[in-house]
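My notes follow the model.

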Amino acid sequence: DSDTILSSLADGVLRLTLNRPDKLNSFNEEMHLALRAGFERAHNDPEVRTVLLTGAGRGFCAGQDLSDRDPRKGVKLDLGHTIETFYNPLLRLIRSLEKPVICAVNGVAAGAGANIAFACDITLAARSARFIQAFSKIGLVPDSGGTWSLPRLIGEARAKALALTAEPLGAEKAADWGLIWKAVDDATLMDEANALAVQLAAGPTKGLGLTKRAIQAAASNTFDEQLDLERDLQREAGASADYAEGVVAFFEKRKPEFTGR
Ligand code: T3D
C-alpha cells in the first residue's frame, strides 16, 4: 500500500509522516521507497522549502522491520546490499538536500530510526521519547550514518557506550548531550515543530541551504579550506534575490519577504 508515508505540502513545508504505526513505523521496502520519493520531491520541487519528518502513532521509527528478517521464514539476506540499496541513498538524500530538514521525534526511535533522526538538521523530541542504538541487541552494527554522527556529536566514549549497550537515551539527555536540538512537552511537540518548519520555509532558502552545506563540509575540511568555502558560498548567497530583499527590508524597517531564490 502507498500509505506507508503520509505526504502533504502546505506553507512551503513538505510533511512526511512514517505511517506503519502497528510496527512502530519500522522500515519495509515499500516505506523506504515512499520516503525516498518524498525526499526526491523535496530536492526537485521549488515549492518545497523545508521538510518536516515525523511518525504516526506512539513511536517515531523502530528501524528495520524485523519481520522481513526472520531466519525461521527461510529469509537469507545480504544486509550490505539492503543498506546500499535503501538506507544509504535515504541518508544521502537527507544530508545533501539544500533545504532544512526538521525531525519531530514523537516516540521511541530505535536502530536506523534513531540515526535518521540524528541526520536531520534540526531534531526536536517529545520528552517521553527515547533513542536506542538497538543494533547490538541483535548482533548488528549501527548504520544510517550512526558510526559517523554519534562520535562527532557526543564523542567516542558516549558513542561507544550507547552503541555497545543499546541503553535507551531519554530525550532530555539527548538534548543535553547535543544529539538533538531540544526536548519539548509531548503535547506541544507537533505545534512547535510545525511552527519552526513554517518559519524556516519562509526563510532565505538558498542561504539556509548553503549554510547547511558549509557546516557539514566542516567535518572533513581544514580551517583554511573552510575559510575558502565560506568565501565561495558567501559569494553565491550574496548574489541571491533573498539577500537583496533582506538588506532592503532592513533599511525599510520591515519584515523581509523571502522567495527562496
Ligand atoms: O536488516 C537490514 O536491512 C539491516 C538494517 C538494519 C537497520 C536497523 O534498524 S537494525 C535494528 C532493528 N530494530 C530493532 O532491533 C528494534 C526492535 N524493536 C524494539 O526493540 C522495541 O520494539 C522498541 C524498543 C523499539 C519499542 O519497545 P516497546 O516495548 O515500546 O514496543 P514493542 O511492544 O516492542 O513493539 C510494539 C509492536 O511493534 C510489536 O508488535 P506486536 O507484538 O504488538 O504485534 C513489535 O513486534 C512491533 N515492532 C517494534 N519494532 C519492530 C516491530 N516489528 C518489526 N520490526 C521492528 N523493528
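I am working from a predicted model, in which local features need pLDDT of at least 70, side-chain atom pairs count only at pLDDT 80 or more, and totals for chains, interfaces and linings use all residues. Residues are numbered from 1 along each chain as its sequence is written.

I looked up S7 (residues 122–126) and found three bridges joining it to S10, the two running parallel. Ala 125 stands opposite Ala 183 in S10. For elements I use DSSP runs numbered from the N terminus: helices are H or I with at least four residues, strands E with at least two. Two strands count as paired if DSSP finds at least two bridges between them.

I then traced the sheet, which is open and mixed, with six strands in the order S1-S2-S3-S5-S7-S10. S1 (5–10) and S10 (182–184) are the edge strands, each with a single partner, so one side of each has no neighbour in the sheet.

Next I checked S1 and S2, which run antiparallel and are joined by six bridges. Leu 9 faces Leu 14 across this pair. The two strands form a hairpin with two residues between them, and Asp 11 in the turn has a positive phi of about 55°.

S2 and S3 run parallel, again with six bridges, and Leu 16 stands opposite Leu 53. I followed the chain from S2 through H1 to S3 and noted a right-handed β-α-β crossover (clockwise from the first strand over the helix to the second, with the strands pointing away from the viewer).

Last, I checked burial (20 or more other C-beta atoms within 10 Å of a residue's own, C-beta atoms being placed from the backbone). Six of the six residues of S2 are buried, so S2 is largely enclosed by the rest of the structure.

Key. A residue is buried if 20 or more other C-beta atoms lie within 10 Å of its own, exposed if 12 or fewer, and partly exposed in between; C-beta atoms are placed from the backbone.
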